[in-house]
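Please look over the structure below. The report that follows goes through it part by part.

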Amino acid sequence: MIETFAAPELDCYQIIHENKRGLIKAFDIDVGYTRTQKITIIQITRQGHNRVQKIKIYSLMSQKLEKISIPSTDLIISLTANTKEDWSFGLVKHNS
């Protein structure tokens, strides 16, 4: 995120959830390959990035995860765009 999207170094809100083996069902949907038990799904919520940046993050994540033995065929990345108004960090100021 820092390298590709120029996110601030401390801007790292991460939720990591590990499912028991067999709980994720990610079948071949005409992509032409078989997935293994190393299936990894990454959901990114960010704002204001172009197609080139998105493709770059997909590629970099794939390369980095292959280094720890997660094949590219087991990687699913979903990027959701939003705006600053879509976030609240707990202290909301109300204007009358």
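This is a predicted model: local features need pLDDT of at least 70, side-chain atom pairs count only at pLDDT 80 or more; totals for chains, interfaces and linings use all residues.

## Terms and confidence

Mean pLDDT over the chain is 83. A score of at least 70 is reached by 94% of the residues. Confidence is highest in α2, at 91. It is lowest in helix α1 (residues 2–5), at a mean of 72.

## The nonpolar core

The largest nonpolar core has 9 residues. They are Phe5, Ile44, Ile57, Met61, Leu65, Ile70, Leu75, Ile77 and Leu79. Two elements, α2 and β2 (75–81), each supply at least two residues of this core.

Ile57 is one of the core residues. It belongs to helix α2, which covers residues 51–66. Ile57 counts as buried because its relative accessible area is 2%, and buried means under 20%. Beyond its neighbours within four places in sequence, Ile57 is in contact with Met1, Thr4, Phe5 and Leu79. The C-alpha atoms of Ile57 and Ile39 are separated by 18 Å, and the two residues are 18 apart along the chain.

Met61 is another core member. Leaving out residues up to four places away in sequence, Met61 touches Ile42, Ile44, Leu75 and Ile77. Of these, Ile44, Leu75 and Ile77 are listed in the core.

Thr40 lies in strand β1. Is Thr40 buried or exposed? It is buried, because its relative accessible area of 18% falls under the 20% cut-off. Thr40 touches Leu65, Ile70, Asp74, Leu75 and Ile76, not counting residues up to four places away in sequence. Among them, Leu65, Ile70 and Leu75 are residues of the largest nonpolar core.

Phe27 is in the loop between α1 and β1. At 64% relative accessibility, Phe27 is exposed, because exposed means over 50%. From C-alpha to C-alpha, Phe27 and Thr40 are 13 Å apart in space, and they are 13 residues apart in sequence. Phe89 is in the segment after β2. Its relative accessible area is 58%, so Phe89 is exposed too. Phe89 and Thr40 are 49 residues apart in sequence, with 28 Å between their C-alpha atoms.

Which value does phi of Ser69 take? It is near 70°, a positive value in a residue other than glycine. Ser69 is partly exposed, with a relative accessible area of 46%. That label applies because 46% lies between the 20% and 50% limits.

## The largest pocket

Rolling a probe the size of a water molecule over the atoms shows where empty space is left. The largest pocket holds about 1,800 Å³ of space. Its lining has 48 residues, and the closest to its centre are Ile15, Ile16, Ile41, Ile42 and Gln43. Two or more lining residues come from each of α1, β1 (40–46) and α2. The most come from β1, with 7 residues.

What kinds of residues form the lining of the largest pocket? There are 23 nonpolar, 13 polar and 12 charged residues. One of the residues closest to the centre, Ile42, is also touched by Met61.

How values were computed: Residues are numbered from 1 along each chain as its sequence is written. Side-chain values use heavy atoms; hydrogens and water are left out. Helices (H or I, at least four residues) and strands (E, at least two) are DSSP runs, numbered from the N terminus. Buried means under 20% relative accessible area, exposed over 50%, partly exposed in between (1.4 Å probe, protein chains only). Contact means heavy atoms within 4.5 Å. pLDDT is the predictor's confidence in each residue, from 0 to 100. On a 1 Å grid over the protein atoms alone, a cavity is a set of points where a 1.4 Å probe fits but cannot get out, and a pocket is an open set with protein on both sides within 12 Å along at least five of seven lines; lining residues have an atom within 4 Å of a point. Grid points are joined across faces, edges and corners, and a volume is the space filled by probe spheres set on the points. Ala, Val, Leu, Ile, Met, Phe, Trp, Tyr, Cys and Pro count as nonpolar, Asp, Glu, Lys and Arg as charged, and the others, Gly among them, as polar. A nonpolar core is a set of buried Ala, Val, Leu, Ile, Met, Phe, Trp, Tyr and Cys residues joined through side-chain atoms within 4.5 Å.
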